[in-house]
Amino acid sequence: MPWDLIQLNDGNVMPSIAFGTWMLGNGQGPTDLVEQAISVGFGHIDTAQAYRNEAEAGKAVRESGLARQDIFITTKYSGSNGLDVETSIANSLENLGVEYIDLYLIHHPNLAKPDIPTAWAKMESIKNTGLAKSIGVSNFGINDLTILLASAKIRPAANQILLHPYVYVGQAPLLAYHAAYGIVTEAYSALTPITSQPGGPVDRPVNDIAQRLNATTDQVLLAWVKAKGAVAVTSSSKKFRMEGYIAAADLKLTSEDVAAIDIAGAKGARRRSFIKTMRVMAELMLLGAVAFRFYAFFAEYRRRVGESRSL
């Protein structure tokens, strides 16, 4: 069973899993990996101006033999080289070798220059001229979206954000906001608990579920993303992992499974917050100790200078 198509608020649809080119680098390597991803079943490629490999991704798409309408391409305005939105999408279209982008995102609210309403109006023009079928944002918070929606004629189709179990509690209000305004959530770095933060509370429920379902832990986390109604943006340099990601569409988590991962994620978030607080306190104490020693040294220096002058 393939990954579902997600209905966007503008009537278009988007595959609910994407192969991302972030950190793939340049040259033939990313082209080969994107080609491999397409060959195992990825129908959605996610890239960005800032990744500097749009051309490599575009080459892979063209060499795949798929019709343009059979591959969904997301790219992002990243403000690279100080270029404006209009110039940037023209460059992205040229790099990718296509006539339109399926989903064009503002990569970060700080890149919305001179302000969010003005930048979004330019994005709306891009959609209206057909250069992008859908437009959206990335890394926008509730306040950013509120500012955008206050003057928007077209709502963002999607917001691509950091989403994994350890940040879910913090991101839950944003997900609820998305749901209220018909904005699709795209999740990047969903595999963080097993790739860059292993050994935390999420390990146990994910391992237990993987064993019960005869699945891998990365498949369980992707199924968790799917259970949250989000689009998974992921990547790998290994073909067998790519195949596993596609196969994760068949994984069915129970509500108890999802809740167990959520609870473990919240526990891990509290633990990381405590550790962060302790580190800050330790740094402050160290700075205080250094300042005290400096003050004591300076006071002693002044005392000796005063004594020498009195002689």
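In the predicted model, helix α3, formed by residues 85-96, and helix α4, formed by residues 116-128, approach each other with their axes coming within 10 Å and crossing at roughly 40°. The two helices are therefore oblique to each other, and the crossing in which α3 passes α4 is right-handed. On the α3 side the contact is made by Val-85, Glu-86 and Ile-89, and on the α4 side by Lys-122, Met-123 and Ile-126. Classed by residue type, this contact comprises 4 nonpolar and 2 charged residues, with no polar residue taking part.

The loop that lies between β6 (101-106) and α4 contains His-107. Because its relative accessibility is 14%, and the limit for a buried residue is under 20%, His-107 counts as buried. When residues up to four places away in sequence are not counted, the residues touched by His-107 are Ala-48, Ala-50 and Tyr-51, together with Lys-76, Tyr-77 and Ser-78, and also Ser-138 and Asn-139.

Within α6, the buried residues are Tyr-168, Gln-171, Leu-174, Leu-175, Tyr-177 and His-178. In general, an α-helix has 3.6 residues a turn, so residues three or four places apart point the same way. Just after α6, Gly-182 adopts a positive phi of about 70°.

Key: Residues numbered from 1 in each chain as written. Predicted model: local features only at pLDDT ≥ 70, side-chain atom pairs only at ≥ 80, totals over all residues. Heavy atoms only, no water. Axes fitted to C-alpha atoms, helices over the stretch in contact; angles between N-to-C directions. Helix = DSSP H or I, 4+ residues; strand = E, 2+ residues; numbered from the N terminus. Parallel < 35°, antiparallel > 145°, perpendicular 65-115°, else oblique. Left-handed = near helix turned anticlockwise from the far one by under 90°. Contact = heavy atoms within 4.5 Å. Nonpolar A, V, L, I, M, F, W, Y, C, P; charged D, E, K, R; others polar. Buried < 20%, exposed > 50% of the residue type's maximum accessible area, 1.4 Å probe, protein only.
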